[in-house]
Amino acid sequence: MKKIITVLVTCIITPLFSLCQTNEKTANEAFVLVRMINKFHVEPRELNNKFSVDVFKGMLDKADPDKVLFTKNDIVVLSKYNTSLDDEIKHRKTGYLNLFISIYKRRLEQADSLINTINKKPFDFYTTEKLTAAEDTLYPASLAAMQVKLYKKMRAWALNELTDDIPANFKTFGLPKQKKYIDSALVTLQRKAKSSLKRRVDNILQNPYGIVKYVGNMYCETIASCYDPHTEFFPPDEKENFESELGKQPFQFGFKIKADKNGGVLIDNLQPGSPAFKCGKLNRGDKFMSMQWEGGQSIDVSDMTTHEFGELVDEINHKKTLFTVKKADGSNVQVTLEKEQAKGGDEDRVKSFILKGSSTIGYIYLPAFYEDWESSNEGLNGCANDVGREILKLKRENINGLILDVRYNGGGSVSEATELAGIFIDAGPVAQEKSRDTKVSTIKDMDRGTIYDGPLVILVNGYSASASELLAGTLQDYNRAVIIGAPTYGKATMQVVLPMDTTVTPENFSQKQTENYLKVTTSKLYRVTGATAQFKGVQPDIVLPDVLDAYITKEADEPHAIKPGTIAANKYFTPYPPLPIKTLTQSVQTEIDTNKYFNTIKPIIATAKQKKAASDISLNVNDALKAADQAGKNDDSTNLSDEESKKFKVQSNQYEKDMIQADSDLKELNDEFRHQIAADAFVKIAYDVLAKVKLQ
């Protein structure tokens with residue numbers, strides 16, 4: 001799939017605290033930030049020339065990712081700070097900030113004017129022009145070159161959008177109708193390119209809290225990110241992973257959102273039990289493309305800010321809304337949701353089903369490791385307890401095996417992952433944790449006994465991260481489960497959120513409140529064997545082709561990710577007898593090799609994984625259509641789903657059956673979920689493993 005060409009300005013949400021932000025205040029925040037990180041970080045960096053170079057580059061990447069705003073001369077002028085930003089931070093200086101803001105503001109104003117000039121007449125998409133690799137990867141030499149690059153970026157973006165959304169039956173239109181469709185679409189797309197680009201520029205220039213505050217946040221965010229990808233600077237509203245007030249509404253869809261660095265809005269998390277959670281189609285990282293209220297027109301939200309998106313969602317009362325989201329593999333998925341009142345109950349947070357065939361297999365989908373929402377509940381509302389409750393329901397159905405699906409589960413509470421591992425193993429070490437000193441502490445399952453001791457499969461993929469990797473790694477090390485799927489994300493570090501106050505300690509930080517907060521990586525996680533999932537992830541026992549592997553960025557791809565290492569195995573770790581992994585793999589290899597879905601995505605993965613050098617991009621519509629056709633872009637192959645299994649039927653457990661009889665909306669969601677499971681190639685392999693071989 002052709003890489004989507006994004007346009008210049010990163011959208012960053014500014015905190016709602018003060019209308020006045022001085023560079024002196026930013027310089028002090030940066031100073032405090034570094035002191036805090038150096039005090040608590042597991043691997044603090046020295047403030048030196050190398051650190052300065054990383055911050056310098058990070059600021060340019062955040063402010064101008066497509067190298068279209070700053071000119072070559074601007075970079076020369078700014079470069080006097082390339083190796084001295086460490087001194088700016090240490091001594092709370094503002095020279096760099098003053099210079100950066102003055103240049104940035106001027107270029108934004110010029111870009112705003114140039115966008116209007118460029119769009120005074122329609123683009124001719126039939127002329128032969130190219131966006132060369134050199135143009136695309138270098139800063140423009142002048143304002144005239146900036147205008148040309150802006151024009152070419154908008155033209156390339158419009159062509160990419162056109163080829164992304166060509167109707168499946170386009171080739172049946174006939175040439176006159178095809179041209180009419182293309183010409184009409186390109187007029188609309190040029191207008192959209194202009195409005196999208198101007199909105200991003202104006203969101204900075206007309207920001208109610210000022211460009212100084214905007215750049216100040218960017219500066220502190222960049223400094224924090226140079227320690228590792230998970231150390232972050234943010235204001236109080238982001239402390240709860242909110243960049244909108246969506247989660248505080250009495251009626252809600254149940255997704256938390258964040259800004260996409262390329263513009264638009266991403267799902268940051270799903271609230272357990274919410275409509276977004278229960279539909280089973282949405283995942284963290286999905287990008288909202290459009291929304292359509294019941295009886296209304298479709299609204300393009302692909303380039304909205306989180307504030308704009310939040311306001312739009314707040315306008316929706318109780319109407320059903322059709323959301324279109326773009327997945328990591330580029331495919332579009334539609335889901336209809338209706339707001340529900342937030343519930344205090346726990347009966348609908350985790351979904352379980354029965355796969356009924358020659359064997360009766362239980363299936364549980366867990367998209368997040370959430371913990372109890374009220375501290376007084378002592379863990380009773382956490383995901384481990386919810387999964388345990390579902391297992392008890394499934395055991396009443398006399399299941400012969402269990403599939404726990406943590407694909408797309410980006411992690412969450414380590415304590416919940418520990419408790420969940422304890423459901424399947426007896427008391428003992430679950431993982432190991434090492435902070436910046438030499439001492440290694442053991443993360444233990446303190447409860448004797450298990451809830452489920454039968455055959456078990458854990459499904460994982462490249463979006464299974466952190467706490468998901470802790471669970472999968474632990475059960476793999478204990479020989480307690482067969483891990484099936486694709487290698488996981490590769491994050492094995494722990495973070496804590498601290499108020500920006502240099503006097504805080506691990507004992508008192510929860511009692512302090514400050515204007516800004518810091519999420520800092522304080523320790524590394526290791527498996528009970530002494531190995532780590534950092535970078536490498538958890539390697540499945542049975543590896544399945546996964547189209548996501550061709551497109552997603554993992555921990556090892558992050559420039560400042562903490563390097564992996566090993567420690568000694570936990571001396572109290574005693575695994576169960578080995579599982580017959582080789583026999584299990586052989587028993588399903590033919591099914592994997594002949595599966596239509598896997599065979600379709602294998603060439604897609606192979607092509608996408610090829611590292612290609614930057615190349616010229618044709619801005620001619622006929623060339624773009626030809627390239628898209630050759631790439632198989634219009635065959636919608638990434639949306640291919642497998643046929644429903646003939647080996648099992650997906651049924652609700654008896655408790656769920658009783659609930660959906662009285663709720664037609666719940667029944668509709670339940671039926672959709674059952675269809676997804678029945679057509680899931682990964683689930684089919686997991687079922688075969690559990691049905692063919694007794695694991696223990």
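A polar contact is a pair of N or O atoms within 3.5 Å; within protein, one must be able to donate a hydrogen and the other to accept it, and residues adjacent in sequence count only if both atoms are side-chain atoms. The model shown is predicted, so local features need pLDDT of at least 70 and side-chain atom pairs count only at pLDDT 80 or more, while totals for chains, interfaces and linings use all residues. Residues are numbered from 1 along each chain as its sequence is written, and side-chain values use heavy atoms, with hydrogens and water left out.

**Figure 1. The protein chain has 21 helices and 22 strands.** Helices (H or I, at least four residues) and strands (E, at least two) are DSSP runs, numbered from the N terminus. The protein chain holds 696 residues, and 55% of them are buried (under 20% relative accessible area; exposed is over 50%, partly exposed in between; 1.4 Å probe, protein chains only). Of the contacts in the protein chain (heavy atoms within 4.5 Å) with a separation of 6 or more, 78% join residues 24 or more positions apart.

**Figure 2. Asn-119 and its contact with Gln-190.** Asn-119 is found in the loop that runs between α5 and β1 (130-131). With a relative accessible area of 13%, Asn-119 is buried. At 3.2 Å, its side chain makes a polar contact with the side chain of Gln-190. Leaving aside residues up to four places away in sequence, Asn-119 touches Met-154, Gln-190 and Lys-194.

**Figure 3. The largest nonpolar core, with 79 residues.** Such a core is a set of buried Ala, Val, Leu, Ile, Met, Phe, Trp, Tyr and Cys residues joined through side-chain atoms within 4.5 Å. The members that touch the most other members are Phe-70, Phe-100, Tyr-104, Leu-162 and Ile-223. Helix α5 (residues 95-118) gives the most to this core, supplying 12 residues. A second core of 67 residues is separate, and its members include Phe-255, Ala-384, Leu-394 and Ile-399.

**Figure 4. The largest cavity, with a volume of about 90 Å³.** A search of the whole structure finds 7 cavities of 30 Å³ or more. On a 1 Å grid over the protein atoms alone, a cavity is a set of points where a 1.4 Å probe fits but cannot get out, and lining residues have an atom within 4 Å of a point. Points are joined across faces, edges and corners, and the volume is the space filled by probe spheres set on them. The lining of the largest cavity has 13 residues, and nearest its centre are Glu-469, Leu-470, Leu-525, Arg-527 and Ala-533. Two or more lining residues come from each of β14 (428-434), α15 (467-477) and β19 (517-526), and α15 gives the most, with 4 residues. By class, the lining has 7 nonpolar, 3 polar and 3 charged residues (nonpolar: Ala, Val, Leu, Ile, Met, Phe, Trp, Tyr, Cys and Pro; charged: Asp, Glu, Lys and Arg; polar: the others, Gly among them).

**Figure 5. Two residues with positive phi, Tyr-408 and Asn-479.** Phi of Tyr-408 is near 65°, and Tyr-408 is not a glycine. Tyr-408 lies in the loop between β13 (401-405) and α14 (414-424), where it is partly exposed, with a relative accessible area of 27%. Asn-479, also a residue other than glycine, has phi near 60°. Its place is the loop between α15 and β17 (482-485).

**Figure 6. Leu-544 and Pro-578 in the loop between β20 and α16.** Leu-544 is buried, with a relative accessible area of 2%, whereas Pro-578 is exposed at 69% relative accessibility. Beyond residues up to four places away in sequence, Leu-544 touches Ile-484, Gly-485, Ala-486, Ile-592, Phe-598, Phe-682 and Ile-685. Pro-578 and Arg-480 are 98 residues apart in sequence, and their C-alpha atoms are 8.5 Å apart.

**Figure 7. Asn-653 in the loop between β22 and α19.** The loop holding Asn-653 comes between β22 (648-652) and α19 (654-660). Asn-653 is buried, with 1% relative accessibility. Its side chain reaches the backbone nitrogen of Glu-656 at 2.8 Å. Not counting residues up to four places away in sequence, Asn-653 touches Ser-352, Ile-354, Glu-390, Lys-393 and Glu-397.

How values were computed: On a 1 Å grid over the protein atoms alone, a cavity is a set of points where a 1.4 Å probe fits but cannot get out, and a pocket is an open set with protein on both sides within 12 Å along at least five of seven lines; lining residues have an atom within 4 Å of a point.
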